[in-house]
Amino acid sequence: MPLVAVIATLLSANDLSRIVGGTVVTDQQRVPYMTAVGIVDRGRFMHICGGTLISSRLVLTAAHCIAVHRERLLESGVVFIGQTAPSDAKSAINISQVHIHPRFSEASLHMDVGAVRLAHSAPKTRTPALPSVDSTYAGRYASILGWGTVAEGSSLLSHQLLEAVVPVDAECGRYAAELITPSMICAGAPGKDACQGDSGGPLLMCDTPNGCEVIGVTSWGNGCARRDFPGVYAKVFPARDWL
Ligand code: 4AZ
């Protein structure tokens, strides 16, 4: 089967559901750096995580995405950059290296920041800025994006890129304090959240003097879109120098 058809089958449409409260991104030029990270298995693209192109050959993603799939990513990892529906095999770029932040903890998901290096440069495009100051972003709104599952417990990925605008929750809902490390930031509202497969994608703050900054990486959560349990994101600021 051609890759196009295969992806259409794999990421089958579910028009009733959304990345939990999101909308379809129709204009990929708005987020040309949004990246799908996956592997090619017997000619088929298997989505693993989201990512963000931050320089010509580097894609920011979650460390846990790499930790879980390291061997396969090194063997047959690819990314699709700037496509609302990853489909055209010609535009897949191979992954040449994977990196996990040295202070990442698989147990706590502290510093859940990783990066994949591309075998060749991505087509020249805009990239979001990295945050230049540490901030709580309390009371502000950020965008989340991904092809993740459309509802908690679903195994169905979205065939289209979805986006939701979510409030930063400086209190981190009702998570036990010991679960939230200083490298984490929470965002979400009941009915609006990231979900499985959205991991690795960006938490974007666009009302800054620098335009859009990628302030977080989608990391984990207690279910999806539940009241009192916002999505948890790895802060990019503490990983800035490492990137
Ligand atoms: C995941 O498993 C995941 N609701 C990502 C984000 C959230 C939950 C799960 C946040 O990749």
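Modeller: A polar contact is a pair of N or O atoms within 3.5 Å. The model discussed here is predicted.

Biologist: Which residue places a backbone N or O atom 2.9 Å from a nitrogen atom of the ligand?

Modeller: The residues around the ligand include Asp-193, Ser-199 and Gly-223. Asp-193 uses a polar side-chain atom, 2.7 Å from a nitrogen atom of the ligand. The backbone atom at 2.9 Å belongs to Gly-223.

Biologist: What share of the ligand's exposed area does the protein bury?

Modeller: Taken alone, the ligand exposes 300 Å². The ligand sits in the largest pocket. Of that exposed area, the protein buries 85%.

Biologist: How many residues in the shell around the ligand are polar?

Modeller: The shell has 4 nonpolar residues and 1 charged residue. Gly counts as polar, and Gly-197 and Gly-221 are among the residues around the ligand. The number of polar residues is 7.

Biologist: Which kind of aromatic pair do Phe-45 and Phe-80 form?

Modeller: The structure holds 3 aromatic pairs, and one of them joins Phe-45 to Phe-80 at 4.9 Å centre to centre. This pair links distant parts of the chain, with Phe-45 in strand β3 and Phe-80 in strand β5. Planes over 60 degrees apart count as edge-to-face. The angle here is 85 degrees, and the pair is edge-to-face.

Key: Residues numbered from 1 in each chain as written. Predicted model: local features only at pLDDT ≥ 70, side-chain atom pairs only at ≥ 80, totals over all residues. Heavy atoms only, no water. Near = heavy atom within 4 Å. Polar contact = N/O pair within 3.5 Å; in protein donor to acceptor, adjacent residues only side chain to side chain. Areas by Shrake-Rupley, 256 points an atom, 1.4 Å probe, with all protein chains shown as cover. 1 Å grid on protein atoms, 1.4 Å probe; cavity = no way out; pocket = protein on both sides within 12 Å on 5 of 7 lines; lining within 4 Å. Sits in = over half its atoms within 2 Å of the grid points. Phe/Tyr/Trp six-rings, centres within 6.5 Å; stacked < 30°, edge-to-face > 60°. Helix = DSSP H or I, 4+ residues; strand = E, 2+ residues; numbered from the N terminus.
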